[in-house]
Amino acid sequence: MPTIDDFHAWPDAHGRFGNYGGMYVAETLMAPLAELTEAYLRLRDDPEFIAELDRDLKHYVGRPSPIYHAERLSQHVGGARILFKREDLNHTGAHKINNTVGQALVAKRMGKPRIIAETGAGQHGVASATVAARLGLKCVVYMGAVDIERQKINVYRMKLLGAEVVPVTSGSKTLKDALNEAMRDWVTNVADTFYIIGTVAGPHPYPLMVRDFNAIVGREARAQMLEQYGRLPDVLTACVGGGSNAIGLFHAFLNDADVRMVGAEAAGEGIATGHHAASLAAGRPGVLHGNRTYVLCDDNGQITETHSISAGLDYPGVGPEHAFLKDAGRADYVGVTDDEAMEAFHLLARTEGILAALESSHAVAQAIKLAREYPKDGIVLCNLSGRGDKDVHTIAAREGVEV
Amino acid sequence: MSRIDRRFAALKAAHRTGLIPFVTAGDPSPEHMVALMHALVDAGADLIELGVPFSDPMADGPVIQHASERAIAKGVGLNEVLGWVTAFRQRDTDTPIVLMGYLNPVEIHGYARFAQEAVQAGVDGVLLVDCPLEESAVLQPLRDAGLQQILLAAPTTAPARMLQLCELAEGFLYYVSFAGITGAAHLSTGDIAARVADIRAHAKAPVAVGFGIRDAASAVAIAGFADAVVIGSALVERLAEAKDAEEITVRVCEFLAPIRTALDAH
């Protein structure tokens, strides 16, 4: 792969990040995707749209989110300073709202009265239902039957917000199947429906659009670092399922060659067991859900079932920009097991009084590992992408506690 | 002239509408797959669309989705599918076969390797649902080996793009009758007729219409303005519980023969 001079120049006009990305969809979706691309590229540079989005992010989402020096955790680990970008403090409790606020405004400008979404952990479903309620749009959320079972609180939250939650019972009954079903809905109802994809996957322009809407995380963090610490962090880390919070944090720093980046994928019960969701660390290039990227599949090309304690990371593909960054050597992607994530969850709760989402707990575990690699004046900046309230039942069940 | 081109030329000369059944390879049973393919031809199929099972068939409805899941559970992959085509060709060298499916199984198999093996097996064309024109550069090894790439056109396809598809069409152009997934049941033949007439006037290849055709009546309604009709979900559903080769043959005949008769009487 040739040296990349400007990581901000991607994707190209066809939505390709080097060998990855693109538009691998049925012919029926080519026109709606072209319409969406055209609308989004226009709005992206429209001062009125940008002002409206900024207003919503400030007054509705509660941005900017702080960066927080976790002193007790850092002390406990005994290495570099660990800082958290507190996306868990956003309205609805995760970074997902950055994207749904943006896409809902695009939907409104495009005159689409109905929005659909897929969700794994339920955070994106809740964030979609939230913005739909606020803008008076009808909202249907597709969710795997397995995920509905392990994320009951979020399912109920979506219903309280007026959304219809449709259980998906095909395939592995998780996020990937919810995405298939949402695509089927969209292909059937393209005239009046806007599909809010929740991660940086799917066909172009979604990986671009979702990344743009989440890139505020890294833009803020970069400015906050310079303002509060007078320097950039040594290393960034974030969890990677589809990869939206990770690319959100990474993107503003991509051209800062001295800032290292490590994505934490779900290693589940351990990569060697086969029960994991580490597409970049253990997968191979393939085509899934409208883009070329790293996927977990067998020798027949069948997408394999994944495992992670966290529903939001339980996905056999990953955003194409991450595949691109991996091949370019700009970011590393490593696995964090269920057990490591749980341990980090508890440590963070007890040292800092923060209940992190299980997804984000993977990043916390990785931040702890990285902190040990650097001297005390080093800085590890970790995206604390969501809060853990939604996960208390899963954690209690895993630990044999009845709530 | 390719096997597909020869078949459509013969249909045109005989003033007949082509009948293209779709079956999911390996469903209802891998061991009777070759018998099923011959039964399709005996019942009047002009061309066979063989679905390569994929775990995440985004453009398919529940019937074909479940058929794919059943086939995958029985270990069916491209190697098996190509094996059945090879076996089928021992007795039938005339009926064109198009493999229909999604890109990932071919990508993982390897494009060059797939192209060579498919041609050797006797496959004539491929229809890769999630590989639109823009991404089809990866299919060059398939074209080089002589496999025809069947393109899809849809009601949402913009006019300029439609002309491009018509220009590049080879084998046949597959017109998706409505914006939706396979097996859904709402056909508005008036709208389709106007659109297909327009496409036929420009297309460099015959036009087949699929999605939503379930029986003789809906096939005949389309036959008036298409070169061929494709029937998938209704047939796959009909075959789902057939237990042995005999039952498969009987069901194929009961389902397909009336459609053939109706098309020929039309």
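Let's start with strand β4 (residues 125-128) of chain B, which runs parallel to β5(B) and is joined to β5(B) by two bridges. Here strands are DSSP E runs of at least two residues and helices are H or I runs of at least four, numbered from the N terminus, and two strands pair if DSSP finds at least two bridges between them. In this pairing, B:Val126 sits opposite B:Gln149 of β5(B).

A word on the model: it is predicted, so local features need pLDDT of at least 70 and side-chain atom pairs count only at pLDDT 80 or more, while totals for chains, interfaces and linings use all residues. Residues are numbered from 1 along each chain as its sequence is written, and chains are lettered from A and ligands numbered from 1 in the order in which they are written.

Now zoom out in chain B: an open sheet of nine strands, paired in parallel, has the order β5-β4-β3-β2-β1-β9-β8-β7-β6. β5 (148-149) and β6 (151-153) of chain B each have a single partner strand, so one side of each lacks a neighbour in the sheet.

On to where the chains meet: 32 residues of chain B are in contact with 29 residues of chain A, contact meaning that C-beta atoms, placed from the backbone, lie within 7 Å. On the chain B side, α3 (62-73), α5 (103-109) and β6 each supply at least two residues. The largest share of that side, six residues, comes from α5(B).

Note on methods: Contact = placed C-beta atoms within 7 Å.
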